[in-house]
Every structure is written in structure tokens, then in C-alpha cells.
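Dear colleague,

I am passing on the structure below, together with some notes on what was found in it. Please keep it open beside you while you read.

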Amino acid sequence: MVIKVFLASSSGSTAIKKKQQDVLGFLEALKVDYAPLDIACNEDNRMWMRENVPVEKKPTNGIPLPPQIFNEESYCGDYETFFDAKEDNAVYAFLGLPPPPGSKEAKEAEKAFILENGPVKNGTVENETVESETVENGTDDAEDEENLEAEEVEEENLDDDSLKREVPMDFNGDEHTHEVGGETGEEAAEEAAEEDAATEEKVAKEEEEAVKDTEEAAEDTKAPVKQEEAQEEVEDDEAKGEDDQPVSEEEEEAPEQEEEDE
């Protein structure tokens with residue numbers, strides 16, 4: 001495949017000359033084989049270029065300007081599309097050529113291929129081998145899943161039976177179990193609630209008795225204290241009575257006689 005670049009060697013436009021130089025210089029840097037075709041000196045090249053540029057790619061006046069790029073007979077694009085491909089590291093895709101190994105475009109193309117189809121190993125896509133393995137082992141996996149589901153159902157049934165046979169722990173913290181027999185879960189729950197209520201009443205009664213005992217003990221300690229206080233009041237009253245008794249005339253005259261004798 002030969003890349004054809006249609007250009008005008010004797011163009012009076014500096015912009016066209018610069019665009020032609022950019023295209024040719026970049027193709028030489030990539031070491032891409034190309035054939036420059038001059039439309040200024042060759043009328044056949046000019047007519048061929050104008051006829052093979054797609055209508056939607058032609059300007060409003062219908063006359064395409066160089067440079068125009070083709071891959072054999074296939075139209076690649078003009079300078080603007082070439083420049084966009086260069087900025088996106090997709091020049092080889094723009095030219096319709098396979099990118100060389102190790103180039104940026106080749107690495108990006110490989111990444112895109114892996115994202116779409118999976119990694120490649122030994123010339124084949126690993127997803128295909130994985131799918132074939134899953135198809136071959138599909139029956140084994142299905143059987144394993146069925147076995148796991150059956151085991152889970154059995155464990156759930158065992159858990160339900162153990163829950164039905166268990167009775168809540170009593171107030172003292174001693175755990176006990178017994179056969180429920182024909183009783184349903186609701187009856188067992190009612191019995192457990194009745195037991196809890198009985199234990200709560202028992203605890204309440206014990207607390208009331210303890211309060212009464214403490215009150216009686218307090219009254220017993222207060223009684224002797226009151227008796228001692230009453231006795232002390234009586235003794236005080238007796239002492240005050242002795243001090244308040246009147247003094248007799250003889251007792252008053254006795255000290256006067258003693259003074260006269262002296």
C-alpha cells in the first residue's frame with residue numbers, strides 16, 4: 001500500500017506550503033513510504049484528486065485544496081484531519097496502516113483490544129478459553145451449588161429445632177432445657193412470661209419485707225434513746241425543786257447568833 005499525497009509545488013499560498021511541509025515531514029519522521037503527486041504541473045493528478053475527494057469533504061466552492069492524502073484509492077483526509085490524528089497519536093489508523101510494534105499507537109490499540117476482548121495469550125484470547133472452561137465445568141459447578149444449598153437448608157432446619165427445644169434461662173441464671181412435646185412456640189413463650197412475672201413478684205415482696213425490717217430496727221434503736229432523755233428531764237426537775245424550797249426562821253437566825261457570840 002502506497003500513501004499518495006497530492007500537493008502543489010508552485011502554490012502562491014504560504015499557508016498551503018506550510019501544511020504540505022508539515023505532512024511530508026511527519027511522514028518522513030515516521031518512516032512511512034509515500035508518493036508526492038504534484039497537481040500544479042500535472043493536470044491528470046489534479047483531475048484525479050478532485051474526482052476522488054468525497055463530496056462531503058469538499059469545500060463550498062467544490063474545489064479541494066492541497067494537501068490531500070490517499071491510501072491507494074481510499075481517501076484518508078486533508079490537513080485538518082491529519083493534524084487531529086497526529087494530536088491523538090492515531091496517524092497510522094488515519095492512513096489505514098498497521099502501527100509498528102512498540103509504538104505509542106500500537107500500545108494504545110492493544111489496550112483498547114484488551115478492554116474489549118480480554119488479554120491475548122499464545123495468539124488466542126483468554127476470554128475464549130475461560131468461556132470454554134466454564135462450559136466444560138458448568139455441570140460440576142451446578143452440582144456443587146446444589147449440594148451447598150442442600151447443606152444450608154439442613155443447617156437451617158437444625159437451628160429451628162434447637163430453638164424450639166430451648167427454654168429461656170430462669171432468674172437465678174441456671175439454664176435448663178426440656179422437651180416441649182406438643183406445645184407450640186406461643187405456649188412456651190406464655191409460660192416463660194408467667195415465670196418471669198412470678199419471679200418479679202417474689203423479688204418485690206422480698207424488697208418490701210427488707211424495708212419493713214429496716215424500719216422496725218430503726219424504731220427499736222430510737223426507744224432507749226427516748227427513755228434516757230425522759231429520765232434526764234425528771235432528774236433535772238427534781239434538782240430544780242430542791243433549790244426552790246423556802247428557808248426556815250431558825251436557819252436564818254442561826255448565823256445571826258453566831259455573829260453575836262463572837
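Helix α1 (residues 14-29) lies across β1, β2 and β3 and runs at about 160° to β1, where helices (H or I, at least four residues) and strands (E, at least two) are DSSP runs numbered from the N terminus, and angles run from 0 to 180 degrees between the N-to-C directions of axes, which are lines fitted to C-alpha atoms, for helices over the stretch in contact. Helix α3 (residues 79-87) also packs on the sheet, touching β3 and β4, with contact meaning heavy atoms within 4.5 Å.

This is a predicted model, in which local features need pLDDT of at least 70 and side-chain atom pairs count only at pLDDT 80 or more, while totals for chains, interfaces and linings use all residues. Residues are numbered from 1 along each chain as its sequence is written, and side-chain values use heavy atoms, leaving out hydrogens and water.

The sheet itself is open and mixed, with four strands in the order β2-β1-β3-β4; two strands pair if DSSP finds at least two bridges between them.

There are seven aromatic pairs, counted when ring centres of Phe, Tyr or Trp (its six-membered ring) lie within 6.5 Å, with planes under 30 degrees apart called stacked, over 60 edge-to-face and the rest tilted. The rings of F26 and F82 are edge-to-face, because their planes stand at 80°, with the centres 5.9 Å apart. This pair links helix α1, which holds F26, to helix α3, which holds F82, 56 residues apart in the chain.

Best wishes
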